[in-house]
Every structure is written in structure tokens, then in C-alpha cells.
Amino acid sequence: MLHSHFSRIFKAFALLILMLPGQSWAAPLSYDLKPQLIAEDTYLLQGRLEDFSRGNGGNIVNTAFIVTRDGVVVFDTGPSFRYGKAMRQAIAQVTDQPVLHVFNSHHHPDHFLGNQAFADGTIWALPDTGRLMAEQGGAFSDNMYRLVGDWMRATEMQLPNRPLQVDRLQVGEHRLRFFPMTGHTGADLVMLDETTGVLFAGDMVFYQRALTTPQTPGLAVWLRDLDAIAAIPHRLLVPGHGPAVPDGSAIGQMGDYLRWLDLTLRSAAERGMSMTELMKIPFDARFAEVALRRHEFIRTVAHLYPRYEEAVFQKQ
Amino acid sequence: MRAWSNALLFALALSGVPSEAAEPTAGDPLDSVMWEYNRQIFLADQPYRFDERVLVELPPFAEDPTQVPLTVDASALAGRIERVIAWADLNPIQQIFNWYPAAGSRARLSLRFKVQQATPVRAAVLTQDGVWHVGSGFVDAAGGGCTAPSMANSDPYWESHLGEIAGRRFQAGSASRYRFKVIHPMDTGLVNNIPEFFLQQLELRDGQGSVLSRMELFPPVSENPVFTFDLEGTEGPHRLWLRDNGGNEFERTL
């Protein structure tokens with residue numbers, strides 16, 4: 001009697017445990033990268049329009065590769081060692097060619113922490129990008145472990161091994177051209193494939209996803225660089241985040257948003273708004289489709305508003 | 001049937017459904033384990049109630065944990081406000097400030113402060129009837145993907161500019177809004193071999209030197225803090241006076 005009583009309690013309890021919400025057994029983490037042919041020999045791995053999370057493993061970024069007759073050129077390597085390895089597998093599905101050249105557009109973690117998977121190749125970056133990675137990469141990497149968790153396992157920073165000090169490079173039949181800029185982080189690489197007309201803008205251009213400002217030297221600098229990008233003849237623009245576009249819509253949206261940000265921060269400082277007031281102001285309807293706009297605006301106020309306040313405060 | 005209900009009770013007890021024993025967070029809308037501890041320190045046995053009219057405005061997350069913007073707005077409460085205490089539940093030094101607002105002015109104040117981790121933030125507002133009205137906010141300190149590591153704290157700029165005040169007056173209806181920034185390291189004493197060194201007193205005075213509003217500040221107030229006050233009446237000039245725990249006094253006509 002007693003035995004059967006306990007047995008029934010046990011069964012009931014086991015059933016309850018099985019019914020508890022939120023119980024999930026870890027599925028193997030997989031980025032499931034699907035190369036998208038966007039121009040001759042040119043493939044895009046498009047990330048989601050999201051912030052870093054344990055759900056997306058940091059795959060919020062665009063990476064790309066070009067298959068030439070001599071070997072493969074890679075533009076950015078993603079947020080983790082796991083991503084880098086998945087990217088190599090994605091490349092291997094398309095071609096047997098070896099990876100010859102890897103370019104890191106800038107020192108933000110989602111663009112270069114996949115470098116480990118490409119350590120056997122030449123990894124190029126602007127000299128200042130290499131310096132910034134060495135200074136801040138460790139902290140970025142720690143932060144990524146915190147934000148996306150196990151996706152980062154075994155990821156260690158792999159610095160570029162070749163400072164980019166040339167403005168042209170021919171790889172197979174593809175003629176590459178490099179434009180060093182500063183608007184996003186102080187050292188930002190824009191790469192044009194003259195053979196296909198594809199312009200790899202890195203995070204100098206965001207499209208349909210709000211831009212990030214933690215290291216910008218200033219919105220005016222970024223706007224000047226954006227004019228320079230618009231002046232580069234190209235057939236297709238690949239932004240650092242968001243869809244590739246054949247027309248000027250991405251550059252147009254960037255310019256509108258940068259000008260709106262600058263004007264908004266300036267007029268708020270002139271009217272004496274506090275940071276908490278500014279963080280809540282309504283958005284311009286033009287940006288209703290831009291993902292993460294409130295989140296990034298709050299971050300931008302934290303990064304940049306002190307400079308605008310300084311400009312209106314009178315010194316003693 | 002009885003066995004099933006016993007099993008259910010047993011399972012519920014294990015799964016931590018709130019019971020009468022969960023005293024430490026008594027009534028706290030944020031259910032913070034530190035509520036009762038801090039209440040005893042700051043409010044002791046005085047009467048209090050949680051009151052949504054006391055606004056504690058914060059961003060949802062701390063992009064820079066050394067510079068978190070905070071606005072406390074108690075202007076929806078009727079009558080004279082005697083005192084406002086602000087603290088962050090989970091900071092190693094909880095108290096941010098004590099504030100005695102100016103009579104007749106809007107009881108609203110903004111500044112920036114430091115957080116050690118995600119934390120509830122409180123503003124307890126004492127009205128003339130002797131009751132504390134407690135407003136709460138929460139700031140997540142998870143930061144964003146590109147959060148920059150903090151580097152500014154080692155900047156020696158302050159050594160040659162200590163106590164310099166930059167600021168400006170803004171017209172806001174019938175009130176004057178003052179915003180100003182004071183150069184000061186606001187050292188907490190929690191960093192190796194750097195003793196605490198922080199602005200401790202702040203007063204806004206009228207042209208005759210009478211104190212209109214005053215604050216006692218604590219080390220969680222940010223380095224080179226920026227303050228925003230609203231003062232009723234435009235007859236100036238108002239003067240700002242500050243003193244730090246090293247006895248240095250700083251003063252400026254606003």
C-alpha cells in the first residue's frame with residue numbers, strides 16, 4: 001500500500017518535471033550559412049538584422065567571398081571561431097580553390113573573431129585596425145562570450161598578419177582596390193572589386209539596420225566618408241549589415257540617418273535636454289523600417305551626447 | 001486522488017512558488033532581495049509606500065556603466081518635498097545622493113551615476129506628512145555588442161582642471177533650467193590604492209547667498225558629473241557651490 005502510494009507520487013512528480021516550461025536539451029549550435037551568389041564569382045553570407053544573442057550566435061553581420069581562378073578572397077570572418085569554420089565549409093561547397101587573402105574591414109568583434117579559421121592564409125587589415133584589435137580585441141571577445149555564450153567556445157583573437165598599405169591588389173582575374181576611411185571606428189576599410197563592380201563597404205554603410213557609434217570620431221567625419229563612398233563607381237553595394245543593393249538607397253538612408261542624428265543631438269543640447277529625455281524622443285518616420293533604431297539611438301546618445309553638451313556649455 | 005494532490009503540493013513547494021516566508025522583498029514591485037536591507041538603512045522605521053508618481057527614469061541598459069543617465073521626477077506629488085534619497089540596490093556603495101529640493105520649484109533632477117551590475121534604482125521622496133514615496137527603475141548592465149572598454153578613468157586631465165565648471169542656463173517656461181558639468185574624478189575608493197575622492201556637497205544659492213536647493217553626493221555619482229536642475233523664477237543670478245571630501249570648494253555664478 002505504502003509502496004504504491006510512493007510510486008504514484010513519484011510518477012506524478014516525474015510528469016510534472018517533464019511538463020515544466022523552459023526545459024530544453026541543447027541542440028548542436030549551427031550557423032547554417034548559405035552563400036548567396038550576388039555577382040559573378042561573388043558570394044554573400046548575410047547576417048540577421050538583430051543584436052547579438054544566444055539565439056543567433058552573433059550571426060548579425062555580412063561576410064563575403066570572391067572565387068578567383070587563383071584562389072579565394074574573403075571579406076570579414078564573422079563573430080566566432082565556429083562561424084569562421086562554418087564559413088570555410090560554405091566556401092568549400094562552392095569551390096575547391098584555397099583561401100588566399102582575408103580582409104578585416106575593421107576591429108569590431110563580429111567582423112574578425114572568425115580569423116582563427118583562416119590562420120593559414122594572409123589576413124590583411126589597415127595598420128590602425130590591427131592596433132585597435134590588439135588594444136580592445138580582448139575586451140570585445142570577453143563581451144561576446146557574455147552575450148552569445150557557447151557559440152564562442154574556443155574562440156581566441158587572431159590578429160591580422162599583414163598590414164594593408166597598398167591601394168590595389170590583383171588576385172586571379174579580379175582587380176581589388178582599397179579605400180581607407182575612419183567614420184565608423186577610426187580605421188575602416190572599404191574594398192572595391194573593379195572586375196565585378198561590387199563595393200564591400202563594411203560597417204561604413206548599414207542598411208535597414210541602425211548604425212552603431214561606440215568608436216566613431218564624429219558624425220561629420222562619417223558623413224564626409226559617405227560622400228567619398230558615393231563617388232566610387234560601383235554596380236552593387238554590400239553593407240556591413242543589411243541587404244546588398246544595386247542603387248544608392250543604402251548610402252541615401254545612411255546619409256539621412258547620420259544628418260538626422262547630428263541635427264537631433266545638436267538641437268537637444270541647445271534646448272538643454274537631459275540624456276534620459278533625449279533617449280525617449282520620437283523617431284523620424286523615414287526610419288520606421290530601420291531595425292534596432294531605438295536600441296542603437298540610446299547607445300548613440302550615451303556615446304555622443306556629451307560632445308554636443310560640451311559644445312553648448314560655457315566654460316569658466 | 002489524495003496522492004495526486006499531495007504530489008502537486010510537494011512539487012509546488014519545491015518549485016519556489018512565493019509564500020509568506022518571502023519577507024525580504026515585501027511588496028517591492030521589483031522583487032529585489034536588497035529591498036528590505038536598504039529600506040532599513042535609508043528609511044528605518046518611517047512609514048513608506050511604493051508610489052508610481054515618483055518617476056525614476058533610466059535607459060533600459062547601461063551602455064557605459066560609469067555614466068548611466070538618471071532622472072528623478074517627483075513633481076506629480078502634491079505639496080512640499082522635504083527630501084529625496086536615491087540609491088542603487090546592487091551597487092557596492094548604494095547611495096547616490098540626498099537632495100533637498102528648492103521650495104516652489106519642480107522637483108526634478110538629472111545626473112549620471114555608476115553601476116556595478118544590473119540593478120534596481122530607487123528614489124524615496126519624503127513629503128510633509130512624514131511619508132516616504134518610493135519610485136523604482138531598473139537598469140540592465142549587459143551593454144551592447146560593440147560596448148567599448150572603459151579607458152577614460154586613467155585620463156589625468158582632471159589634475160590640472162579640478163573643479164572647473166562649464167554650464168548654461170536654459171529658459172523652460174517660467175523656470176530656469178541649469179545644466180552644468182564639474183571636472184572631478186569622483187573616485188570611489190574601491191580601486192586599488194586610489195582613496196575615495198568625491199564631491200560631497202552641492203548648493204544652488206540665490207543672489208543674496210541663501211540656499212535654494214542642496215544635495216549630498218556619494219561616490220557612485222559619475223566622474224565629471226553633469227547635473228540638470230529646474231529652478232522656478234528667472235530672477236538671477238543664481239550661484240552654484242560645491243565642496244569635495246578633500247575640503248576643496250568650487251563656486252560659479254550660473
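**Stop 1: chain B, whole**

Select chain B and colour by secondary structure. The chain has three helices and 15 strands. Switch to a surface. Chain B exposes about 11600 Å², and carbon and sulfur atoms supply 52% of that area. Of its 254 residues, 50% are buried. Take the contacts in chain B between residues at least 6 apart in sequence: 64% of them join residues at least 24 apart.

**Stop 2: chain B, by confidence**

The mean is 85, and 84% of the residues reach 70 or more. Select residues 1-22 of chain B next. Here the pLDDT is below 50, and the stretch has 14 contacts in the model beyond near neighbours in sequence. Then select residues 143-152 of chain B. The pLDDT is again below 50. This stretch has 31 contacts beyond near neighbours in sequence. Where pLDDT is low, the predicted coordinates should not be read in detail.

**Stop 3**

Select B:D51. Where is B:D51 found in chain B? It sits in the loop between β1 (48-50) and β2 (55-57). Is B:D51 buried or exposed? With a relative accessible area of 6%, B:D51 is buried, because the cut-off for buried is under 20%.

Show its neighbours. Leaving out residues up to four places away in sequence, B:D51 touches B:L77, B:H133, B:V134 and B:G135. Pick B:H133 from that list. A polar contact of 2.8 Å links its side chain to the side chain of B:D51.

Over all chains, the whole structure holds 33 salt bridges.

**Stop 3: helix α4 of chain A**

Select residues 127-148 of chain A, helix α4. What separates A:E135 and A:R131 along the helix? They are four residues apart, so about one helical turn lies between them. An α-helix has 3.6 residues a turn, so residues three or four places apart point the same way. Both ends are partly exposed: A:E135 has a relative accessible area of 48%, and A:R131 is at 41%.

**Stop 4: helix α6 of chain A**

Go to residues 249-271 of chain A, helix α6. Show A:D256 and A:R259. The pair lies three residues apart, about one turn of the helix. Their salt bridge puts the closest N and O atoms 3.6 Å apart. A:D256 counts as partly exposed at 29% relative accessibility. A:R259 is also partly exposed, at 45%.

**Stop 5: helix α8 of chain A**

Finish with residues 293-312 of chain A, helix α8. Centre on A:L304. A kink of about 45° lies at this residue, shortly before the proline A:P306. Now bring back the rest of the structure. Of the 20 residues of α8(A), 14 are buried, so the helix is largely enclosed by the rest of the structure.

Notes:
Residues are numbered from 1 along each chain as its sequence is written. Chains are lettered from A and ligands numbered from 1 in the order in which they are written. This is a predicted model: local features need pLDDT of at least 70, side-chain atom pairs count only at pLDDT 80 or more; totals for chains, interfaces and linings use all residues. Side-chain values use heavy atoms; hydrogens and water are left out. The bend at a residue is the angle between axes fitted to the seven residues ending there and the seven starting there. Helices (H or I, at least four residues) and strands (E, at least two) are DSSP runs, numbered from the N terminus. Buried means under 20% relative accessible area, exposed over 50%, partly exposed in between (1.4 Å probe, protein chains only). Contact means heavy atoms within 4.5 Å. Accessible areas come from the Shrake-Rupley method with a 1.4 Å probe; for residues, only the protein chains shown count as cover. A salt bridge is a side-chain nitrogen of Lys or Arg within 4 Å of a carboxyl oxygen of Asp or Glu. A polar contact is a pair of N or O atoms within 3.5 Å; within protein, one must be able to donate a hydrogen and the other to accept it, and residues adjacent in sequence count only if both atoms are side-chain atoms. pLDDT is the predictor's confidence in each residue, from 0 to 100.
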